[in-house]
Amino acid sequence: MPKFDLHHFICRQDNYGVLVHDAETGLTATIDAPEAAAIERELAAKGWKLTHILTTHHHADHVEGNLPLKRKWNAKIIGPKAEAAQIPGIDLGVSDGESYEFAGREVKVIATPGHTKGHIVLHLPQEKLLFAGDTLFALGCGRVIEGTLEEMWTSLDKLRKLPPATVFHCGHEYTESNARFALTIEPGNQALVARAQKIKAQRAKGQMTLPGTIGEELATNVFLRPESKEIRQVLGMGMAGKADVFAEIRKRKDAFR
Ligand SMILES: [Zn+2]
């Protein structure tokens, strides 16, 4: 089975759009619908017809395009059941541990409460793909808005267990500021230092920093690395539990400018 074609673009200010196209069936999904006009433009550029909107969570900058896109394309909207009331036009609500099918591939639903209560991420094991929404970012993670820090840690810990070769996509381009912050938490991590330099060069040229892999995040994303001796030393949290170390990093990031 040939791989999906993926097409990324930045819309609104710093939202990532991604279109997933299967050449064999002609099906095309947008992961979330941050902005109808931008998605229409990118679909036209690729010559693809929208058939699905796969939603990760209810925030306006992820669902604002739902109704106009559905009206035009009659696209099927699949999203978290727990947030169904807040997801315009939803056709099918899905929950943790369930799977659905898109273009003959299994889409596994993983609940990742924290950023929102009902946030889900989508794992496509055959394609080695993860659509992480606003749970995991390149070198970062989403703000904990509706859930608790403990819940967010449990959610991220699930993603740490995915195969390292899994390619992941997320909802925002925050990578450069995440890199600046990460260097305050784990300055001696050489893989992080090298990645931060690469990101700076990419952003200076206006390039996107996605997609990345889970393996790369495991090596460089401080939110996934509460076991790190250096991080514990920097935070003065030698013996603390992993969730507590994560919570302290998240609090520092909230205050970081
Ligand atoms: Zn969000």
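How many residues of strand S5 (residues 76-80) are buried? Four of its five residues are, and the strand is mostly covered. The legends below walk through this and other close-ups. The model is predicted: local features need pLDDT of at least 70, side-chain atom pairs count only at pLDDT 80 or more, and totals for chains, interfaces and linings use all residues. Numbering starts from 1 along each chain as its sequence is written, and side-chain values use heavy atoms, with hydrogens and water left out.

**Figure 1. The open sheet has six strands.** Their order is S1-S2-S3-S4-S5-S6, and the pairing is mixed. Strand S1 (5-11) and strand S6 (92-94) stand at the edges. Each has a single partner strand, so one side of each is left without a neighbour in the sheet. Neighbouring strands are turned by 20° against each other on average, direction ignored. Strands (E, at least two residues) and helices (H or I, at least four) are DSSP runs, numbered from the N terminus. Two strands pair if DSSP finds at least two bridges between them. Strands of a sheet pair through backbone hydrogen bonds, either parallel or antiparallel.

**Figure 2. S1 and S2 form a hairpin.** Seven bridges join S1 to strand S2 (residues 15-21), and the two run antiparallel. Asp-5 has His-21 as its bridge partner in S2. His-8 has Val-18 in S2 as its partner. Three residues lie between the strands of the hairpin, where Arg-12 takes a positive phi near 50°.

Figure 3

**Figure 4. S5 pairs with S4 and S6.** Three bridges join S4 to S5, and these strands run parallel. Ile-53 stands opposite Ile-77 in S5. Three bridges also join S5 to S6, again parallel. Here Pro-80 has Val-94 in S6 as its bridge partner. Buried means under 20% relative accessible area, exposed over 50%, partly exposed in between (1.4 Å probe, protein chains only).

**Figure 5. A zinc ion has four donor atoms.** It is coordinated by His-57 (NE2), His-59 (ND1), His-115 (NE2) and Asp-134 (OD), at 2.2 to 2.3 Å. Donors are N, O and S atoms within 2.8 Å of the metal (3.2 Å for Na, K and Ca); water is not among the atoms, so sites may look incomplete. Along the chain the donors follow the spacing H-x1-H-x55-H-x18-D. His-59 and His-115 link distant parts of the chain, 56 residues apart. His-59 is in the loop between strand S4 (52-54) and helix H2 (60-63). His-115 is in the loop between strand S8 (105-111) and strand S9 (120-124). Both histidines are buried. The angles among the four donor atoms are 87 to 174°, and the site is irregular. Four donors count as tetrahedral if all angles lie between 85 and 135 degrees; four count as square planar and six as octahedral if opposite donors are over 155 degrees apart and all others between 65 and 115; anything else is irregular.

**Figure 6. The cysteines form zero disulfides.** A disulfide is a pair of cysteine sulfur atoms within 2.5 Å. The sulfur of Cys-11 is 12 Å from the closest cysteine sulfur, in Cys-170, too far for a bond. Cys-170 is in no disulfide either; its nearest cysteine sulfur, that of Cys-141, is 11 Å away. Cys-11 counts as buried because its relative accessibility is 3%. Cys-170 is buried too, at 7%.

**Figure 7. Lys-128 and Leu-139 take positive phi values.** Phi of Lys-128 is near 55°. Lys-128 is in the loop between S9 and strand S10 (129-131). This lysine counts as partly exposed, at 47% relative accessibility. Phi of Leu-139 is near 65°. Leu-139 is in the loop between S11 and S12. This leucine is buried, with a relative accessible area of 0%.

**Figure 8. The peptide bond from Leu-210 to Pro-211 is cis.** Its omega is near -5°. Pro-211 is in the loop between H6 and strand S14 (212-213).

Notes
Axes fitted to C-alpha atoms, helices over the stretch in contact; angles between N-to-C directions.
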